[in-house]
Amino acid sequence: MIHIKKHYNHDSYKDGSYSFDKSQFYMKSNLINDNFKTVKTGTLNVCIIVLPGAKVDRNSKDNQSTVPNRVKRDIAAANRIWKQYEKNQLIQGVTFTITRSFVFLENISGIVSNAENFPVGGASHLTMVQAMLKTGRKVCQNADVYVFYMNGNRFGPINFDYSSTLAVTYNSFPLIIMTNASTDEYLLAHELGHFMFITNRFNETDDPEPFHELDGNHNRMPSNLMFPTPEFWPIVPEITSEQIHKALNSRVFYS
């Protein structure tokens, strides 16, 4: 199933889905010979793709492979928060590396230029996602997850309760979409958290402290990085050792 995580500007949640065989999208985990011990550290390879109109604080004279300032900031925030230290010594944590960053100056055939026009639901949605993954795999051959920065201040239409979707992480595809409105520096760290939970090698995809029974992917504490909306985050959101431990059980660290 494809499930879309929708992050609103207030506390609400919706989910859409499609049927498909997800086994072709994630690498197999070597669990046959695994003693089920959790690694203390892991590296997640991130491919960054910037589409025309995305606000990423880029100088127009920059090379297309130069990592934009906003992306540097977002990845740096993710690297700060997904680690646990004790007496200045790393206890456990995830390192996020950019395998490649590429800025497209012209629209890509088959992909809408503005996230606000992204088709939500139906075959056209799946076709769009597949086109994005195809583009991602051309740009980066060895990435664990593809992050697209897109033009537009929301993903899809405004919702029935007047809320907006700021960023999206797919359950069954290694794909994250960031809009121009997803400006909080820790929002990509939040989305990467979803990706690591979703790819749990034991299929235990819920947050250690679930938001509620209909939304187990988020954390119940407003100050926590994995709370459904950044509206209530402090300047630096909180994260628990249990969340980092769970993130380290992503299949990507055992393949």
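Biologist: Which hand does the link of Cys 47 and Cys 140 have?

Modeller: Right-handed, with 70° about the S-S bond. Keep in mind that this is a predicted model.

Biologist: How far apart are the sulfur atoms of Cys 47 and Cys 140?

Modeller: They sit 2.0 Å apart. A disulfide needs the two sulfurs within 2.5 Å, and Cys 47 and Cys 140 form one.

Biologist: How many disulfides does the count come to?

Modeller: One disulfide.

Biologist: Where do Cys 47 and Cys 140 lie, and what does the pair tie together?

Modeller: Cys 47 is in strand β2, residues 41–50. Cys 140 is in the loop between α2 (123–139) and β5 (145–149). So the pair ties together parts that are 93 residues apart in sequence.

Biologist: Are those cysteines buried or exposed?

Modeller: Cys 47 is buried, and Cys 140 is too.

Biologist: New topic. Where is the place of Gln 243?

Modeller: In helix α4, which covers residues 241–247.

Biologist: Why does Gln 243 count as buried?

Modeller: Because its relative accessibility is 0%. The cut-off for buried is under 20%.

Biologist: What does the side chain of Gln 243 make a polar contact with?

Modeller: The side chain of Asp 207, at 2.8 Å.

Biologist: And which backbone nitrogen lies 2.9 Å from a polar atom of the Gln 243 side chain?

Modeller: That of Thr 240.

Biologist: Which residues does Gln 243 touch, leaving out those up to four places away in sequence?

Modeller: Trp 82, Phe 197, Asp 207, Pro 208, Asn 219, Asn 224 and Met 226.

Technical notes: Residues are numbered from 1 along each chain as its sequence is written. This is a predicted model: local features need pLDDT of at least 70, side-chain atom pairs count only at pLDDT 80 or more; totals for chains, interfaces and linings use all residues. Side-chain values use heavy atoms; hydrogens and water are left out. Helices (H or I, at least four residues) and strands (E, at least two) are DSSP runs, numbered from the N terminus. Buried means under 20% relative accessible area, exposed over 50%, partly exposed in between (1.4 Å probe, protein chains only). A polar contact is a pair of N or O atoms within 3.5 Å; within protein, one must be able to donate a hydrogen and the other to accept it, and residues adjacent in sequence count only if both atoms are side-chain atoms. Contact means heavy atoms within 4.5 Å.
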